[in-house]
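This report walks through local features of one model. Please view the sequence and the structure together.

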Amino acid sequence: MIAARRRAPDRAFRPDIEGLRAIAVLAVVVYHAGLGLPGGYVGVDVFLVISGFLITKQLARMVSTKGLRSLPTFYAHRVRRLLPAAVLVVVVTTIAFRFWGPPLKVRDVAMDALFTAFSGLNYRLAAVGTDYQHMGAAASPLQHFWSLAVEEQFYVVWPLVVAAVLLLGRRAGRPLLVGVVVLVIAFSSWQSAVLTQVSAPWAYFSMHTRAWELGVGALLALTAPTLARLNRRLAGLLAVAGLAAVVAGALLYSDATPFPGTAAWLPVGGAAAVIAAGCGPRVLAERLLAEPLMQCLGRISYSWYLWHWPMLVITPYAVGRTLSGWERGAVVWLSLVAALASYVWVEQPVRLVSWPTWGWIGSGGLLSAAVVACSLIVVALGPATVGTGAAAQLGSVAAGATGPAPGSVGASGVPAAAPSAAQLIAQTVAAAVDIRAVPSNLTPRPEAAADSLPATSTNGCHAAFTATTQGACVYGDPAATRTAVLFGDSHAEQWQPALDLLGQQLHWRIVSWTKSACPAGRLTVFNSALNRDYTECDTWRAATVQRIGALRPTLVIMSQSENVAASSVRPEAFSSAAVQTIDALRAVGVQRIAYVQDIPTPGNDLPGCVATHLDDARACGYDRSAAYLYPERHAAMAPALAAAKVTVLDPAPWFCTDTRCPAIVGNVLVYRNSSHMTVPFSRWLAPALAPALTTTGA
């Protein structure tokens, strides 16, 4: 395996690595543009291996010759190499989003910029990714900076580790450092595999689950002298196999692949094989990687990575529509032009600036401060425009306002008395379809809609993804003798404010047991945040049915989203799953069951739309024909529930007329996001739920 011959000279420049960079950035850009390569995100893993190799190689050489004095020089090099272009992109993106992005998202992007300035965006994204209330939110134009945050965190810690081991270990320093790297790889890859099964966002974005990829590159750098003696033919085969592995990951993986976990070993191993093969003389695969076009793309890969994603995210907002495939391709080409300009006019000139070491380190702080200042200014100025006319003053919207008559939201939070609550609600909804100017006392305010959450979302009574139980969760009138249990997912939970109000007025004890993205029907679903089958949902559902039986409630109110189950689940299978749970509830002694069918949903950000169209709210209404993502599934529920002999409430007339569904009813904003209603609207609909408590049905 190892040829007994003189070691090949160490090459200062590796054209094969530059070409590998080109492959990595091409994979990422094509993937982000939706132009193929469903697993193109593996390009980031290739970048991490390359960084680990080059940085460790540089550090080992610098520390061996200059000792601790080399560390400030290293950090100055990192500042000069990375920060100027990155700061330019962050500032331009933040300002551009302020003018073209959705008004209600400007503050979030500014916050992303702040986290980027302190190399912490990866952990912000991990936290948001595990928060169900933010699931489905539009992607941030700065989201791709997560990988740079991981690298920068590595650059802070790793030089200190290398210096400590090499200097304290003296002659045994390098072998000792190899041992440290092996331990890092073992621990980090184990954490990656474990956490990917528990919380995919934290596994994907965290430093400690990505450190092993950088560690693989570091191990290659420390063992390069040995790798340089590989037989040329073997090295050639290794390079070809490595390229094939990277390409296979880009082609065969997808967003449904549990990642990084053990799956990341394919692209990481492929990148490592290419780098290892190139530690000696040139091999055949290097001819491809060293082609001028590949070298050019590799040289500007950093700038292209920085520019492509913000342009892909912001352009649809700027033109006011979703981009077609060829238009996304055009944006990719424009981002390549921006990358070339950034490389020529920013990256290269900065590299020629001859500043002292501490001057560069100080400039890094100034550049970060510039990002912070830009973010704070954007937040202070607020959105560039939120509409026109008298109603365009968001500051006039009173959080605690009551509404206009008729159909006003009275002090109790429910419609004023009427011959029929359902009739009054339908009349008010019909009138709301023609609302133009948004009322100045709209509640909640559009920018506060995302926080209009049931109390159960903030106190643990709405079980998170990995939770399988919750507390007593009693609302309404705790001293009442009659008990109703609210059971289901977040589309059931959104009725909690209404039931809490009814419980107080009609003297019912309301127990709320719901779980994020967990349908009440007996279905095993795939959870995109966990990136695996949602086993905790099955466990929670079975346990909660038993808890309900032990509670002996007067009534169970069951509801669920019709969109959580995969599109492959047929309508009859979905309705059958609901009936199976109903049968299970009856088997544990529940006598009365009411089923609230799923609400109509707009499928887009209604609060953001209202904030943008304060002078004409009609633009934010939607057709009732589009109110259900799976209309056949929705239609199948009614006959199945009728056959199961449960009380059925259909909320569609409470949200829509026969043709249209308004975004505002009276002075109440209907939705807090693309699929859940606000707390005030839930309370406003309380009388419509009263029959579930007062009817003596099955």
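Is R541 buried or exposed? R541 counts as buried, at 5% relative accessibility. Buried means under 20% relative accessible area, exposed means over 50%, and partly exposed lies in between (1.4 Å probe, protein chains only).

## Basis of the model

This is a predicted model: local features need pLDDT of at least 70, side-chain atom pairs count only at pLDDT 80 or more, and totals for chains, interfaces and linings use all residues. Residues are numbered from 1 along each chain as its sequence is written, and side-chain values use heavy atoms, leaving out hydrogens and water.

## Salt bridges

A search of the whole structure finds 14 salt bridges. The criterion is a side-chain nitrogen of Lys or Arg within 4 Å of a carboxyl oxygen of Asp or Glu.

R541 pairs with D538 in a salt bridge, with the closest N and O atoms 3.1 Å apart. Both residues lie in helix α21, 3 residues apart, about one turn of the helix. An α-helix has 3.6 residues a turn, so residues three or four places apart point the same way. D538 counts as partly exposed, at 22% relative accessibility. Helices here are DSSP runs (H or I, at least four residues), strands are E runs of at least two, and both are numbered from the N terminus.

R14 forms a salt bridge with D16, at 2.8 Å between the closest N and O atoms. R14 is buried at 7% relative accessibility. D16 is buried too, with a relative accessible area of 3%.

R210 and D45 also meet through their side chains in a salt bridge (2.6 Å, N to O). R210 lies in the loop between α8 (200-205) and α9, and D45 in helix α2, so the pair ties together parts that are 165 residues apart in sequence. R210 and D45 are both buried. A network of salt bridges links D45, R210 and E213.

## Packing of α2 and α9

Two packed helices are described by the angle between their axes and the distance between the axes. Helix α2 (residues 42-66) packs with helix α9 (residues 211-222) at an angle of about 40°, and their axes are 7 Å apart. Axes are lines fitted to C-alpha atoms, for helices over the stretch in contact, and angles run from 0 to 180 degrees between N-to-C directions.

The two helices, α2 and α9, are therefore oblique to each other. Angles under 35 degrees count as roughly parallel, over 145 as roughly antiparallel, 65 to 115 as roughly perpendicular, and the rest as oblique. The crossing of α2 and α9 is right-handed: the near helix is turned clockwise from the far one by less than a right angle.

Helix α9 holds L214. L214 is buried, at 0% relative accessibility. Its C-alpha atom is separated by 4.2 Å from that of G52, although L214 and G52 are 162 residues apart along the chain.

## Helix α20

How many of the 11 residues of helix α20 (residues 496-506) are buried? The count is 8, so α20 is largely enclosed by the rest of the structure. The buried residues are Q496, P497, A498, L499, D500, L501, L502 and G503. Just after α20, H507 takes a positive phi of about 65°.

## A nonpolar surface patch

F187, W190, V194 and V198 form a nonpolar patch on the surface, and together they have about 380 Å² of accessible area. Patch members have over 30% relative accessible area and no salt bridge; like charges are joined within 9 Å, nonpolar side chains (Val, Leu, Ile, Met, Phe, Trp, Tyr) within 5 Å. Accessible areas come from the Shrake-Rupley method with a 1.4 Å probe; for residues, only the protein chains shown count as cover.

F187 lies in helix α7 (residues 173-198). F187 is partly exposed, with a relative accessible area of 47%.

## Backbone details

The peptide bond from F259 to P260 is cis, with omega near 10°. P260 sits in the loop between α11 (232-252) and α12 (265-277). T443 and P444 are joined by a cis peptide bond, with omega about -5°. The loop between α18 (421-432) and β1 (462-463) contains P444.

L37, a residue other than glycine, has a positive phi near 50°. L37 lies in the loop between α1 (15-32) and α2. L37 is partly exposed, at 24% relative accessible area. R552 has a positive phi near 55°. R552 is in the loop between α21 (535-551) and β7 (555-559). R552 is exposed, with a relative accessible area of 61%.
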